[in-house]
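Biologist: Could you walk me through this structure, one feature at a time? I would like to learn how to read each of them.

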Amino acid sequence: MLNWIDTRSDDELAAAARDLFAASFPDAPEPAGVWAAPGRVNLIGEHIDYAGGASIPFALEQNTAVAVAPRTDGLLRIASEYDGSVAQASLPLSEVRPGHPSDWSGYVAGTVWAATAADVLTCAGLDIAIVSDVPVGSGLSSSAALECSVAVAAYELCHGKAPDDAARAQLAQACIRAENEVVGASTGGLDQNASLFGQRGKALFLDFATGAVERVPFNIEAQDMVLLIADTNAPHTLSDGQYASRRGIIDAVQSAAGHTIREIPDAVAFAATVNPADAELYRCRVRHVVDETARTLDAATALTSSDLAKFRRLMRESHLSLRDLYEVTTPELDSAFTAAGELGARMTGGGFGGAVIALIPRSAVESTAQAIYDAAASRGFPEPTFLVARPGDGARRLA
Ligand code: ADP
Ligand code: MG
């Protein structure tokens, strides 16, 4: 039996957040509102947000919702229904700093801290209750959904209105800083921009060289195509040094050149000169970044001209590059990629676990999911779970 991931309606999620708020903070007044921010799926452009590249993600219909009430004593109290239980945290905002708190509450506290430090908002404390239907640790960015839901809530409570696109760009920076400096996870900005700028029916073209965010139509349904997500459910962690080691090479090359990879004339040859003892490894890693950036620019053109056949070829090439040059896939991801038929398939997110996506005809959804399931079962991998994803709304107020 195939296992499909649930999507909760906005109303269900808002009610659940309010219920958790009432149960967790019985002494507090009613929440001032409920806000939500989505996870995201990246169609192409992987591991290049920190190298001046480009990505084409869209916001999912899966969201993290926060019921929030302001406080006046500088305290942050946080409750999150997550992983089958309710996690609680409480700390004064004045104690938030780089490296603290570095657990799950750092995504929340760090966002408020960084937005305050950047003068995007002021905050004298919050009570926050969190519920979510974004799969956690699956490469669908539950971390950005958490940061961005808190960011839009704190912004609106301070300013009395929802953030416009200029304010969203500032909030994205605060969320990135929270994840980089407070939690200590290296993230390049793809996730936070997707969660804050997403729009129903639209994909996003994010250009990390210019900071440009463009909303582009994503109506694959007109061609009877859908996007299937297969979460491998294999254990995933980006904080175990693997992500950092990939990023470390790219950062070393960029800092030696004084430019992003995208701006270095022959970046692959240059990379070999940065660390001659490890020249081949440096060449491979940078080759991925250079090629993936070119693929993503091609993919944007293909999407604009509704050339999904080309888009699907580029997705396949992206996976092969992430497997062979960047080496961030796992046996579970490669198994799902092969079982999905390769064309139109690729791993999504940072890798080392997580999900595979497949852009396929609607009529092939069941058979493709079954093939991925069977391949996992035959190799003794965890049972994958599935979702047909459509572009949903970005971070917003629910109630
Ligand atoms: P991804 O963003 O792809 O889901 P990450 O490893 O970047 O994976 O982020 C997952 C981490 O984010 C979790 O281990 C947890 O610390 C935190 N997190 C995400 N969602 C929640 C939530 N609803 N409540 C508490 N913590 C969360
Ligand atoms: Mg994340």
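Modeller: Gladly. A residue counts as buried when its relative accessible area is under 20%, and as exposed when that area is over 50%. Keep in mind that we are looking at a predicted model. Take histidine 47: its relative accessibility is 4%, so it counts as buried.

Biologist: Where does histidine 47 lie, and what is its phi?

Modeller: Most residues other than glycine have a negative phi, and most peptide bonds are trans. Histidine 47 has a positive phi of about 60 degrees, although it is not a glycine. It lies in the loop between strand E2 (33-44) and E3. Glutamate 342 is another non-glycine residue with a positive phi, of about 65 degrees. Its place is the loop between helix H10 (331-339) and strand E10 (345-348).

Biologist: And the peptide bond from histidine 100 to proline 101: is it cis or trans?

Modeller: That bond is cis, with omega near -5 degrees. Proline 101 sits in the loop between strand E5 (85-92) and H2.

Biologist: Since H2 has come up, what can I learn from threonine 111, which is found in that helix?

Modeller: Helix H2 spans residues 105-117. Threonine 111 has a relative accessibility of 1%, so it counts as buried. Leaving out residues up to four places away in sequence, threonine 111 touches Gly106, Glu147, Val150, Ala151, Ala174, Cys175 and Ala178.

Biologist: How many residues does the largest nonpolar core have?

Modeller: The largest one here has 47 residues, and Val66, Ile128, Ile130, Leu171 and Leu196 have the most contacts inside it. Helix H3 (residues 142-159) gives the most to this core, with 8 residues. Setting aside neighbours within four places in sequence, valine 66 is in contact with residues including Trp35, Ile128, Ile130 and Val150. There is also a second, separate core of 38 residues, and Leu322 and Tyr373 are among them.

Biologist: How should I read aromatic pairs?

Modeller: A pair of aromatic rings is described by the distance of the centres and the angle of the planes. A search of the whole structure finds 4 such pairs. In one of them, the rings of phenylalanine 21 and phenylalanine 25 have centres 5.1 Å apart and planes at 65 degrees, so the pair is edge-to-face. Phenylalanine 21 is buried, with a relative accessible area of 2%, and phenylalanine 25 counts as buried at 3%.

Biologist: Why is the pair of phenylalanine 58 and phenylalanine 218 called tilted?

Modeller: Their planes are at 45 degrees, so the pair is tilted, and the ring centres lie 5.2 Å apart. This pair links distant parts of the chain, 160 residues apart: phenylalanine 58 is in strand E3 (residues 54-70), while phenylalanine 218 is in the loop between strand E8 (212-217) and strand E9 (225-231). Phenylalanine 58 is buried, with a relative accessible area of 0%, and phenylalanine 218 counts as buried at 6%.

Conventions
Residues numbered from 1 in each chain as written. Chains lettered and ligands numbered in written order. Predicted model: local features only at pLDDT ≥ 70, side-chain atom pairs only at ≥ 80, totals over all residues. Heavy atoms only, no water. Helix = DSSP H or I, 4+ residues; strand = E, 2+ residues; numbered from the N terminus. Buried < 20%, exposed > 50% of the residue type's maximum accessible area, 1.4 Å probe, protein only. Contact = heavy atoms within 4.5 Å. Core = buried A, V, L, I, M, F, W, Y, C linked by side-chain atoms within 4.5 Å. Phe/Tyr/Trp six-rings, centres within 6.5 Å; stacked < 30°, edge-to-face > 60°.
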